[in-house]
Amino acid sequence: MNKSLRATYRLQFHKYYTLYDAVQLVPYLENLGISHIYASPLLAAVPGSMHGYDTISWDYIDPEKGGEAGLQVLVDALRAHNMGLILDIVPNHMSTHYLNVWWQDVLKYGSSSKYADFFDIDWDASQADEAHHIILPFLEKPLSDIIKEKKIRLSYMDEERSFVFVYEDRIFPVALESMKWVEGFAEYKNEESLTSVSRKHLIDFFSSETSEGRQNLSMLLQKQHYRLVWWRNAGDLVNWRRFFDVTSLIALRMEQSYVFTYTHAYLFDLYQRGLVDGFRIDHIDGLLQPEEYCRNLRKKLEQLKQKRPEPLRNDPIIFVEKILADKESLPKKWQVSGTTGYDFLEQISLLLHSPKGEKKLDFVWEQCRSFPYNKVQDLARNEKLNSSFYKMFHDLILSFVKFFPLEQNITTHSIETVLRTILLSFPIYRIYFSGNTISKQSLPYLRKACNEARKELPSYHLPLLNKIEQILSQTIYQTLNRKAPENLFVNLTAPLAAKAGEDTAFYRYARLLSRNEVGADPAHFSKNIEAFHHANMSRFTSYPEALLCTATHDHKRGEDGRARLMVLSEPEVKWPETVMRWFEENPYISKADQLFIYQTLIAAWPLNNEDFSNFSQRLQSYLTKALREAGLCTSWDNPDLVYEKTCQNFMVQLLYTSFVKDLATFINNISPAAAINSLTQVILRYTVPGVPDLYQGREEWDFSLVDPDNRRSVNYLKLQKSLGKEENLSALAISWRDGRIKQEIIRKLLILRKKYPQLFINGLYKEVLVEGDLSDHVVVFQRVTKDIKIIVITSRFNFSLKINESLQSCHEGWKNTKIFLYDDWKSAEWKSILWNKSCKNKDFDNLGYFYGALPFDVLIAHHVT
């Protein structure tokens with residue numbers, strides 16, 4: 001366990017916010033109580049990249065972000081403030097940009113390239129292509145049209161001393177041997193031996209300006225190790241694994257030991273020199289063998305630990321980005337610190353949604369003539385299998401065909417039918433293997449999917465289903481054989497779940513958008529307090545260092561926007577009645593689209609007038625993305641601009657007609673309760689087992705929308721000025737709309753974590769019994785060591801607690817609600833961390849002191865013998 005790890009602060013680096021810029025932020029982060037900056041990817045990426053996940057080289061820090069010199073300056077500042085740095089890395093894919101020299105080498109030399117096996121390319125010959133061509137679906141039209149329209153040309157790059165094809169902003173290398181057929185060229189051994197006159201002659205020979213030149217150009221293109229094709233055919237033809245369905249990102253074969261060693265050499269050097277303290281692994285399920293990768297990474301970092309500078313020999317930190325389904329847990333054999341926290345985001349979301357509102361919200365959604373979430377997801381998965389992942393699905397089918405060559409009753413179509421049915425109901429991102437069989441942890445999920453398939457399939461398909469289930473339960477080939485059925489299966493299920501779920505169904509299913517978040521399952525609406533306690537105790541015993549997040553660079557909507565939407569789950573708000581009335585008043589677009597737009601407005605509505613300056617533009621950009629991601633009436637592939645404009649106009653007119661007063665009144669009515677939801681999220685994130693992660697700028701209110709909106713620049717000067725300016729929470733509660741109360745609570749709790757690290761590293765987690773009128777509203781637990789104890793009291797379903805404009809709860813039920821402390825700390829004196837007041841055990845006999853006050857507290861006591 002890394003005892004220096006207390007709290008992380010995620011920073012998005014790019015050319016407009018560099019490592020040098022972050023140096024100025026270090027004193028502020030230390031004062032806030034942060035222990036580690038958690039940096040977005042810093043390795044060289046595509047020029048201009050705003051996220052860094054499109055790596056072009058593993059050998060150096062991106063110059064646009066400040067280079068290694070900038071990293072050294074930032075780390076020096078961090079060390080001076082006793083802080084560290086965790087680096088986000090992307091081992092599952094790289095960019096197909098021409099500046100990726102490994103990829104360019106593969107395109108130039110094909111399967112003979114020394115990097116050919118670095119990338120997950122299917123080099124096996126197919127019936128249609130015996131030359132092992134790499135399919136490159138980057139053209140806006142078929143190649144013949146591109147050549148005819150003179151949009152591709154042969155050029156010579158002096159710096160690289162090589163011929164290339166240039167198409168728009170893309171560059172493709174030319175294999176030297178592909179030009180040998182040109183008269184007079186065979187005598188040259190390489191491009192460097194060509195004279196400038198010879199180079200000009202060749203360029204003229206392949207000029208797109210003449211009919212003969214275009215014919216020659218077409219012939220030259222056919223002689224390359226790749227085939228340029230129309231982008232619309234990507235899902236049908238691409239013979240290399242992409243990141244999800246993103247053709248600009250190609251998967252790496254990190255399961256090959258030499259690829260792991262080669263790619264991580266520079267990272268290990270940074271770790272050994274003390275420039276990083278650990279890593280966050282992007283999309284761990286994109287790796288063929290996540291367990292082996294994590295264990296190899298842990299082993300190497302442990303070996304290097306003793307070579308690090310003397311004060312920096314803490315245990316290495318390894319976080320993995322992993323979506324965990326309901327009741328799914330992170331395998332202990334991976335030997336990592338934990339996940340990046342999506343599972344916590346889901347646990348707290350389920351806690352704060354009122355089950356009493358579910359049926360009424362279902363009724364509203366039914367009025368939109370829409371399906372339950374599971375059906376929406378099934379339809380989206382079916383679409384993706386027929387489009388983005390058709391080739392991957394087809395390869396999976398063919399891998400099973402090989403097992404039944406002599407069985408006439410088993411056809412390709414029957415295999416497709418069975419596999420499709422399994423994939424539609426597959427409950428997790430992917431399964432894992434241990435030795436020659438499926439892991440014990442994964443087996444129940446495979447069985448669940450197959451059992452669901454049994455309910456859907458006709459009886460004559462069941463024998464085939466049983467055989468396929470058996471095959472998927474064991475590794476048939478060598479584990480590194482990319483064509484093995486189980487490998488093709490795991491490579492498909494994760495991107496299918498992500499693209500059909502969070503990137504499609506989440507934009508179609510609008511029952512309550514606060515449940516549509518990365519890591520969440522919208523099919524589930526809420527869970528009780530006991531389930532939340534159980535999740536925390538499980539994390540304490542398994543991954544006590546796991547990150548806890550409620551906002552990320554990938555979230556669909558900001559943590560405080562979701563907290564506001566959570567209030568709609570409370571029947572007392574009368575949201576169903578309100579939205580049904582709005583349907584009648586605004587019958588211009590479909591009810592489903594209206595419902596999505598109304599919730600978007602509610603979630604994104606600013607609290608301060610100055611934040612309305614670009615509100616309309618932000619909303620319009622978001623709505624375009626949301627409608628196209630949903631892919632129902634418009635899409636990225638086939639945009640319907642008329643439909644999009646109709647929806648845009650509808651949303652904008654809501655902001656400039658009398659309706660806006662009704663909308664603003666409704667939002668204002670629920671905002672105090674939403675603010676308490678937000679602060680409850682904060683308090684729980686900083687006190688339950690785990691390590692709190694704070695996404696940049698979210699120490700103030702966060703009503704952002706999906707990227708790029710959630711990656712906008714942060715006003716750090718404002719945050720620095722407000723930190724510690726007013727420590728009295730009661731005063732800050734009166735002006736809560738400025739967000740300072742959120743920042744101050746974070747600061748107070750981080751000071752507590754810094755002062756009593758053992759309480760949060762080793763302190764036991766114990767749920768506390770609550771009885772009385774508000775027992776279902778109050779979440780209470782203890783963190784306990786031998787000498788110190790804290791009690792955390794928070795609330796949920798806050799609209800029902802009658803929260804006023806000063807965030808005070810005016811519910812009489814507090815006086816009839818009590819908590820039970822069963823222990824020997826009878827004479828302990830409790831001091832409130834938040835409110836600077838004291839109380840005794842007997843004071844918990846009723847929680848009446850919350851009447852007319854903010855409904856949460858964190859209290860600490862020292863053991864009195």
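Guide: Both faces of strand E1 (residues 8-11) are covered. Thr-8 and Arg-10 are buried on one side, Tyr-9 and Leu-11 on the other. Buried means under 20% relative accessible area; exposed means over 50%, and partly exposed lies in between (1.4 Å probe, protein chains only). In a regular strand the side chains alternate between the two faces of the sheet. The model is predicted: local features need pLDDT of at least 70, side-chain atom pairs count only at pLDDT 80 or more, and totals for chains, interfaces and linings use all residues. Residues are numbered from 1 along each chain as its sequence is written, and side-chain values use heavy atoms, without hydrogens or water.

Now the partners of E1. Strand E2 (residues 36-39) pairs with E1 in the parallel sense over four bridges. Tyr-9 stands opposite Ile-37 in E2. Strand E18 (residues 691-695) also runs parallel to E1, joined by three bridges. Here Arg-10 faces Tyr-695. Two strands count as paired if DSSP finds at least two bridges between them. Strands (E, at least two residues) and helices (H or I, at least four) are DSSP runs, numbered from the N terminus.

Antiparallel pairing occurs elsewhere. Strands E4, E11 and E10 form an open antiparallel sheet in the order E4-E11-E10. E4 (93-95) and E10 (242-243) stand at the edges with a single partner strand each, so one side of each has no neighbour in the sheet. Three bridges join E4 to E11 (residues 246-251). Met-94 stands opposite Ile-250 in that pairing. Strands E6 (residues 152-157) and E7 (residues 162-167) are antiparallel too, over six bridges. Leu-154 faces Phe-165 in E7. Four residues lie between these strands of the hairpin, and Arg-161 takes a positive phi near 55°.

Next, a buried strand residue. Phe-279 lies in strand E12 (residues 278-281). Its relative accessibility is 1%, so Phe-279 counts as buried. Beyond neighbours within four places in sequence, its contacts include Ile-86, Leu-87, Ile-89, Tyr-271 and Phe-319. Contact means heavy atoms within 4.5 Å. Val-90 is 189 residues from Phe-279 in sequence, but 9.9 Å away in space, C-alpha to C-alpha.

Two helices are enclosed as well. In H20 (residues 559-566), eight of the eight residues are buried, so H20 is largely enclosed by the rest of the structure. H18 (residues 485-508) should span 34 Å, and its end C-alpha atoms are 32 Å apart, which agrees. The expected span is 1.5 Å times one less than the number of residues. H18 bends by about 30° at Gly-501; the bend is the angle between axes fitted to the seven residues ending there and the seven starting there.

Finally, the whole protein. There are 29 helices and 26 strands. Of the 865 residues, 62% count as buried. Residues 24 or more positions apart account for 73% of the contacts with a separation of 6 or more. The C-alpha trace spans about 95 × 65 × 60 Å along its principal axes.
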